[in-house]
Amino acid sequence: MWRSNNSAIGGLPRRISTRPRFLGILVLVAIVILVVILRDGSPSTERNGAEDDQATEADRLSKPKLDQNGNEIIEDPYFTQPDIQRSFEEPDYALLSSRQPHEIGCDVPIRWNWNGTKVDGLPPDADEEGVFEQETGVLLFLGVFSAAQSASKTYAEMKRRRDIYREVYFPHFPPNLVTKKFILGLPASTSHATHPEEIARARTMRLLQEEADQYQDIVILDMEDNIDSGKTWKYYEWVAKEYGGEGRVNGRPRFVLKADDDTILVMPNLIQAFKDMDCSKNVYWGTSAGRSKYFGDYFRGLAYGMSWPLVSWIGSAPMPLAHITKIEDARTGQWLRALDPKVDPIQRYDLGWMMGDWNQLDVGVETVGLHWLKWDEWVVEQHARIMDVWREAGRPYEAGHGVDLAASVQKGNLLPEEARKEHERQKELGWDVEGNID
C-alpha cells in the first residue's frame with residue numbers, strides 16, 4: 001500500500017526532503033512533453049505527410065466554428081470561406097475532360113409489369129409482357145441519406161428511423177421499378193480516440209453490418225459520414241461503379257434520386273413523372289422552391305433526381321476536394337453548369353411547391369414530396385395524411401395511377417399561404433431569405 005510522505009512511522013513524524021520529489025515531477029513533465037511532441041509534432045508546425053491531406057482538409061472545411069460559450073456560429077460559407085465561394089464559381093477540369101453525358105447514353109430495358117405490379121399506359125419501349133430476356137434495369141434508384149449515428153442521435157435512434165421507412169414507406173414501391181437503399185458513411189473517428197471511444201465505434205460498426213446483412217438495403221460509402229464532406233459525390237461514385245460498364249448491366253437505373261431521411265416521396269406520382277421520360281437526355285428533377293439565391297440554378301437537397309448519363313458522368317470524374325464539399329444540393333447545380341448547353345442541354349423539371357416542408361404546403365394528390373419530418377411520429381402521420389388525401393380523391397395509391405407531371409408542375413407554381421407566412425417570420429428574425437420564394 002502506498003504511504004504519504006507525511007505519514008507517521010512508529011508514532012514519530014517523518015521528515016523527508018522535498019527536493020527529490022520536485023526533481024521527479026520535473027522529469028515526469030519533461031517526458032510527457034517529449035511524448036506529445038513526438039506523436040503530434042510541434043504546435044508551430046503543420047502535420048506531416050503521414051496523415052491523409054484530403055481527410056485533414058475535409059475536417060477543416062466541415063468543422064463548425066464556436067463562440068466563446070461553445071455554441072456553433074451559423075454562417076453562410078459562401079461569404080466566410082473564400083475557397084468555398086470560389087469553388088462554386090470555377091469549372092472543374094475533371095468534369096470538362098471526362099466522357100460527356102451524350103457519349104454515355106442510357107440503354108436500360110425494364111420489366112414493367114412483373115411481380116404483381118400493374119402499370120397502365122406503358123411506355124413505347126415496353127413489350128407486350130413487359131419482360132425482357134436480356135439484362136434488365138430499373139426505372140429509379142432511390143438513395144435515402146441516413147447515418148449510423150449523429151451528434152444528437154444514437155445508432156438505435158437512427159435505426160428506428162430506417163425501420164419506420166421499411167415498415168411504412170418502402171413497401172409501396174414496386175421492386176421491379178424502384179431500387180431502394182439507405183446511403184451511409186462510416187461512423188466518425190478521431191486520431192486521438194480513447195479506448196472506450198474505439199470500443200463504442202467498433203460496436204456501432206458491428207451493429208451496422210448486422211443490419212446491412214439482415215435487410216440488404218444499406219450502402220456503406222468509403223468515407224466518414226458527413227454531408228458536407230462530399231457524401232453526395234461519393235454516392236454518385238458508388239452508383240457509377242456499381243452499375244457501370246459497357247452494354248446493358250443488370251440493375252442499372254434509368255434515373256437516380258437522392259433524398260434526405262426526413263423526406264417522403266409520393267410513390268405513384270414519382271413513377272408517373274419518370275416512366276415516360278427519355279433517360280438518355282440530361283434530366284434534372286426536383287424543386288427550387290425555398291432555395292438560396294446565392295448559388296445559381298439548383299434543386300433543393302430534400303430530394304432531387306438525375307438521369308443515368310448525368311450520374312455516371314459526375315460519379316466517374318475524379319474531382320478535387322474543393323469541388324465536392326459543402327452545400328451538397330448547390331454543389332450538384334454547380335456540376336451541371338459545366339455541361340456544354342449546345343451538346344448536352346439539361347431538361348429541368350421543377351416541382352416548385354409540390355415538394356417542400358410539410359407544414360408549408362397545400363397538400364393534394366398533385367403533391368410529390370413532404371420534407372422536414374424531424375420526428376419519427378411525423379413520418380407516420382404525414383404518410384397517413386398522403387394516403388388519406390388519395391383515398392378521399394378516389395385514386396388508388398398504386399404505380400400507374402399517379403398524377404401527370406405537368407399537373408404537379410403547374411400547381412407547384414402557386415405559393416402556399418403557409419410558405420409565405422414562414423418566409424415573413426424568418427425575415428422578421430433577421431434571416432437572409434430574400435429571393436427564396438420568388
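Me: Which exposed residues does α14 carry on the face turned away from its buried side?

Reply: In this predicted model, Ala406 and Gln410 are the exposed residues on that face of α14. To be called exposed, a residue needs a relative accessible area over 50%.

Me: Which residues of helix α14 are buried, and how do you know on which side of α14 they lie?

Reply: Within helix α14 (residues 405-412), the buried residues are Leu405, Ser408 and Gly412. Their arc around the axis is only 65 degrees, which puts them on the same side of α14. In general, an α-helix has 3.6 residues a turn, so residues three or four places apart point the same way.

Me: What covers the buried residues of α14?

Reply: The cover includes α10 (267-274), β6 (282-286) and β8 (346-350).

Me: How many aromatic pairs does the structure hold, and why is the pair of phenylalanine 141 and tyrosine 243 given its particular name?

Reply: There are 22 aromatic pairs in the structure. For phenylalanine 141 and tyrosine 243, the ring centres are 5.9 Å apart and the planes stand at 65 degrees. Rings pair when their centres lie within 6.5 Å, and planes over 60 degrees apart count as edge-to-face; the pair is therefore edge-to-face.

Me: What makes this pair a tie between parts of the sequence?

Reply: Phenylalanine 141 belongs to strand β1 (residues 138-145), whereas tyrosine 243 is in the loop between α9 (231-242) and β4 (253-260), so the pair ties together parts 102 residues apart in sequence.

Me: Is phenylalanine 141 buried or exposed, and how does tyrosine 243 count?

Reply: The limit for a buried residue is under 20% relative accessible area. Phenylalanine 141 has 0% and is buried; tyrosine 243, at 10%, also counts as buried.

Me: Why does the pair of phenylalanine 295 and tyrosine 298 receive its name?

Reply: The planes of these two rings are at 75 degrees and their centres 6.5 Å apart, so the pair of phenylalanine 295 and tyrosine 298 is edge-to-face. Both residues are buried.

Me: Which residues do ring pairs link into a cluster?

Reply: The cluster consists of Phe141, Phe145, Tyr235, Tyr236, Trp238, Tyr243 and Trp335.

Me: Where does lysine 258 lie in relation to phenylalanine 145, and where does the charged end of arginine 331 sit?

Reply: Lysine 258 is over the face of phenylalanine 145, 5.3 Å from the ring centre. The charged end of arginine 331 is over the ring of phenylalanine 88, at 3.9 Å from its centre. The distance required is within 6 Å of the ring centre.

Me: In what order do the three strands of the open sheet stand, and which are the edge strands?

Reply: The order is β5-β10-β9, with mixed pairing. β5 (264-265) and β9 (355-357) are the edge strands, as each pairs on one side only. Three bridges join β9 to β10 (residues 369-371), and these strands run parallel; aspartate 357 stands opposite histidine 371 in β10.

Notes:
Residues numbered from 1 in each chain as written. Predicted model: local features only at pLDDT ≥ 70, side-chain atom pairs only at ≥ 80, totals over all residues. Heavy atoms only, no water. Buried < 20%, exposed > 50% of the residue type's maximum accessible area, 1.4 Å probe, protein only. Helix = DSSP H or I, 4+ residues; strand = E, 2+ residues; numbered from the N terminus. Arc of directions from axis to C-beta. Contact = heavy atoms within 4.5 Å. Phe/Tyr/Trp six-rings, centres within 6.5 Å; stacked < 30°, edge-to-face > 60°. Lys NZ or Arg CZ within 6 Å of the ring centre and 35° of its normal. Pairing = 2+ DSSP bridges.
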